[in-house]
Amino acid sequence: MRAAVQHEIGQDKLDVHDDVEAVGFGPGKVRIRVRATGLCHSDLSAMNGVLPQPAPFVPGHEGAGEIIDVGDGVSNVKTGDRVVVCWLPACGACPACKRGQTELCLAGFMNAGTPNFKRPGGDVFGFAGTGTFTEEVVVDAGCAVPIPDDVPYDIAALIGCGVTTGLGAALNTADVDAGSSVAVIGCGGVGISAIQGARLKGAAEIVAVDPVASRREAALTFGATKAVSPDGLPDAKQQVTGGEGFDYVFEVVGKSATARTAYENTRRGGTLVVVGAGALDDFLQLNMFELFFDEKRILPSMYGGGDVLRSYERTIALWRAGRIDLEGLITHRVPLAEINEALDQMRTGTALRTCIEI
């Protein structure tokens, strides 16, 4: 079967091979025929070494498809079911799950060190224990979440990561107050989803911050009340908040420099929400006086900061009701053979989300 493979960390292009085999099928596992997958910035971060990932590997973790085989003991899905791939399934038994913090369950990460694929030359891993830039993938049954028949595969794929992460940051982690002021730094697919979440919660002012003009223009159509380049943030802060700072600032880039900017633009007593996934060696510097004196809350948001399955259901309900726009997030579509075009679209910022149709 075909799959896009990253042979070495740091390689900037993927190689599409037709001699890849999905492995590991057996009890408790399912085989999924992938129909659509989104390109998330985390895939690029794994490719360039920002996020730890063994190589060679098949990137992709934001996918949807249909079950074509189930192993012994699998009861949550059956052959023919339409599913979204959940790259962070909850085990239900660990301390985090028992506390109700299922997004912090580490069970799914344990699969990241086990090869999901193989080629004639040896084993191939799957990103985050999945790997959806492929025609088929074998995963734990808990990674396959059934979706209703009226949810297209491309929409379901987005729900599998970017939309859940961005919406959840606003709805769950920040729990944005109605009438508040919000700034979102980084307006790709996740940032736009955070903007939609803030709009749903009734934020009065939502400032989108991004260096790419097309993304700023798009942000205005999804609910932002103002869109500025990074250089325009100080003026926006003055105009919207009188210089005090925003009630909520979402950092959706994953760099210490933008996190520091976000902190400085959060009002005293306000909330900084860290959504972007950054590098292990990129340190955010805060002095102990400002940390104490300004009483700003710093809230990391992992995968939307809430129960993932409930988040999926809520997102589908909001989409059906027309309260959020998911179709508009998909600005580009490419076949698997043109995956490197999708990478270029992500790197240049020309795409909010590119759907790879398989």
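Residues are numbered from 1 along each chain as its sequence is written. In this predicted model, local features need pLDDT of at least 70, side-chain atom pairs count only at pLDDT 80 or more, totals for chains, interfaces and linings use all residues, and side-chain values use heavy atoms, with hydrogens and water left out.

An unreviewed UniProt entry carries the annotation "domain: Enoyl reductase (ER)" for residues 10-352; such annotations may be inferred rather than shown by experiment. This span is 29% helix and 24% strand, and its end C-alpha atoms lie 23 Å apart. Helices (H or I, at least four residues) and strands (E, at least two) are DSSP runs, numbered from the N terminus.

Turning to the sheet, four strands are arranged in the order β3-β8-β9-β5, forming an open sheet with mixed pairing. Two strands pair if DSSP finds at least two bridges between them. At the edges are β3 (21-22) and β5 (57-58), each of which pairs on one side only. Strands β8 (residues 117-119) and β9 (residues 122-126) are antiparallel and share three bridges; F117 has V124 of β9 as its bridge partner.

In soluble globular proteins, nonpolar side chains tend to be buried together. A nonpolar core is a set of buried Ala, Val, Leu, Ile, Met, Phe, Trp, Tyr and Cys residues joined through side-chain atoms within 4.5 Å, where buried means under 20% relative accessible area, exposed over 50%, and partly exposed in between (1.4 Å probe, protein chains only). The largest such core here has 96 residues, and V30, F133 and F250 are among those with the most contacts inside it. Helix α4 (residues 162-174) gives this core its largest share, six residues. Apart from it lies another core of twelve residues, including I185 and L233. Beyond four places in sequence, F250 touches several residues, among them A169, V182, I185 and V275; contact means heavy atoms within 4.5 Å.

Two single residues complete the picture. P146, in strand β11 (residues 144-146), is partly exposed, with a relative accessible area of 42%. Leaving aside neighbours within four places in sequence, P146 contacts N76, V77, R82 and V83. S256 belongs to helix α8 (residues 256-264) and, not counting residues up to four places away, touches D282, F283 and L284. The side chains of S256 and D282 make a polar contact at 2.5 Å (a pair of N or O atoms within 3.5 Å; within protein, one must be able to donate a hydrogen and the other to accept it, and residues adjacent in sequence count only if both atoms are side-chain atoms).
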